[in-house]
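Thanks for coming. Please have the sequence and the structure open.

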Amino acid sequence: MQLKLDVEHFEELQELFIRETIEQIRFQLIKGGISGTQLRDLTGEIAFSVASTVDDNAGIEFDGVAVKPYLTFAAEEDQLIHCGENSCTHELVASVIDEVFQG
């Protein structure tokens, strides 16, 4: 696979990715009996934590081995779409939470 720098497309895909992550977290919390304000708060906190890890803001290291995630998205034609730097999905969590919980 080849890396393809496409910031605009990456940003679109990144937002769709975090939206789906938030929806899946919310769904699992609802199955666990969480509702109301607690549902919104926990969904946001978990999503922000996961997004920060994906964005390489968590400083992952174990037994001297550093883990440095770099988010890409598979595209047609054997390409991986990237933005040239770390993703920023954690910055999208608050606005997407607002949208998800309005509906």
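Let me start with Ile-25, which counts as buried at 13% relative accessibility; buried means under 20% relative accessible area, exposed over 50% and partly exposed in between, with a 1.4 Å probe and protein chains only. Ile-25 is in helix α1. Leaving aside residues up to four places away in sequence, Ile-25 touches Thr-43, Ile-46 and Ala-47, where contact means heavy atoms within 4.5 Å. Between the C-alpha atoms of Ile-25 and Thr-72, which are 47 residues apart along the chain, the separation is 21 Å.

A word on the source. This is a predicted model, in which local features need pLDDT of at least 70 and side-chain atom pairs count only at pLDDT 80 or more, while totals for chains, interfaces and linings use all residues. Residues are numbered from 1 along each chain as its sequence is written, and side-chain values use heavy atoms, with hydrogens and water left out.

Now the overall layout. The protein chain has three helices and five strands, and from the N terminus on its elements run β-α-α-β-β-β-β-α. Helices (H or I, at least four residues) and strands (E, at least two) are DSSP runs, numbered from the N terminus. The C-alpha atoms fill a box of roughly 45 × 35 × 20 Å, taken along the principal axes. Of the 103 residues, 30% count as buried. Among contacts with a separation of 6 or more, 67% come from residues 24 or more positions apart.

Next, the aromatic rings. How many aromatic pairs does a search of the whole structure find? It finds two. Rings of Phe, Tyr and Trp (its six-membered ring) pair if their centres lie within 6.5 Å; planes under 30 degrees apart count as stacked, over 60 as edge-to-face and the rest as tilted. Phe-10 and Phe-73 form a tilted pair, 5.3 Å centre to centre with 55 degrees between the planes. Phe-10 lies in helix α1 (residues 7-31) and Phe-73 in strand β4 (residues 73-75), so this pair ties together parts that are 63 residues apart in sequence. Both Phe-10 and Phe-73 are buried.

The rings of Phe-17 and Phe-73 have centres 6.1 Å apart and planes at 65 degrees, so that pair is edge-to-face. It also links distant parts of the chain, with Phe-17 in helix α1 and Phe-73 in strand β4, 56 residues apart. Phe-17 is partly exposed, at a relative accessible area of 30%, whereas Phe-73 counts as buried at 12%. Phe-10, Phe-17 and Phe-73 form one aromatic cluster.

Another contact of Phe-73 is Gln-14, also in helix α1. Gln-14 counts as buried at 2% relative accessibility. Beyond four places in sequence, Gln-14 also touches Ser-87, Cys-88, Thr-89 and Leu-92.

Last, the helix packing. Helix α2 (residues 36-54) and helix α3 (residues 93-102) pack at an angle of about 145 degrees, with axes 10 Å apart. Axes are lines fitted to C-alpha atoms, for helices over the stretch in contact, and angles run from 0 to 180 degrees between N-to-C directions. On the α2 side, the contact includes Thr-43 and Ala-47, both of which Ile-25 touches. On the α3 side are Val-93, Ile-97, Asp-98 and Phe-101.
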